[in-house]
Amino acid sequence: MTLEFPVLLRLIDERSTAFRAAVASAPSLDVQVPTCPEWTLFDLAQHIGEGRRDWAVTVAAGPAAAKSVAEGAPGAPREREALLGWLAESTEQLLDALREAGPDRGCWGWWETLQSPHTAGAVARHQLQQMAVHTYDAQITVGDPQPLPGEVALDGVEDFLSTCVATASAWPHEPAVIDFHACEGRSWRLSLSGDGARSARLPGPGAVPAAAQAFLSVRGTAHELVLGLYDRIPVESLEVEGDRRVFAQLRAWDPDA
């Protein structure tokens, strides 16, 4: 089961608050973000605020509309206290739009609908992961990285596989199967072939038949798995059994290229 819609909204708000706390504690907004080296902390904050505002208008536009942009919205202010207020307002605009839409209303989404629908609920689920990972980015920038909350991280592995990876585009390498095992007791299987990529929840590491073992097994805490999938930590940080090249190929794969 995925997280319930009200829980997603609560966690988006919590991660957004944690993001602002990191920004508030930074010695400078011009410090470089180690996990996004092309950005300063101000750039990251600007991305967060503008992105949440754009998703707010996209959700509000409904199922018949394409991606929307928050035209005429105020830009990110350079003064810290004003920036923090702008970020809080950006989050509230997104949450208001999601509450008004409800989880089942259709809206635009950039992902294929093979495993993740184009609904406000799916947007909320992925927005939580965006906020969670970027909050980690902000926290590591100020020297205080915190693990993703457990329920956020567990849902984050599944969201990444079903939203960011699932595709009908052909896998350009030899067919492969990757199993992801979270130390918290949840497991997933990703199948990659000429038919694309599909993921499925597994009963658990001990319940996988020997004849169905994967080409590659990746194990870590859910927090570590999410950071590995989003390329925030090196594969060496995870327990990997099998051909590591397959995981490197997955992280480098762009189905739209």
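A salt bridge is a side-chain nitrogen of Lys or Arg within 4 Å of a carboxyl oxygen of Asp or Glu, and Lys and Arg count as positive, Asp and Glu as negative, while His and the chain ends are not counted. The structure is a predicted model, in which local features need pLDDT of at least 70 and side-chain atom pairs count only at pLDDT 80 or more, whereas totals for chains, interfaces and linings use all residues. Residues are numbered from 1 along each chain as its sequence is written, and side-chain values use heavy atoms, with hydrogens and water left out.

**View 1. D159, a buried residue without a salt bridge.** D159 belongs to helix α5 (residues 150-165), where helices are DSSP runs of H or I with at least four residues, strands are runs of E with at least two, and both are numbered from the N terminus. Apart from neighbours within four places in sequence, D159 is in contact (heavy atoms within 4.5 Å) with R125, H126, Q129, C164 and Y230.

**View 2. L250 and its partners.** Not counting residues up to four places away in sequence, L250 touches V165, W171, I178, F180, L190 and L192.

**View 3. The backbone at D231.** D231 is found in the loop between α6 (222-229) and β7 (239-242). The phi of D231 is near 60°, a positive value in a residue other than glycine. Most residues other than glycine have a negative phi.

Key:
Buried means under 20% relative accessible area, exposed over 50%, partly exposed in between (1.4 Å probe, protein chains only).
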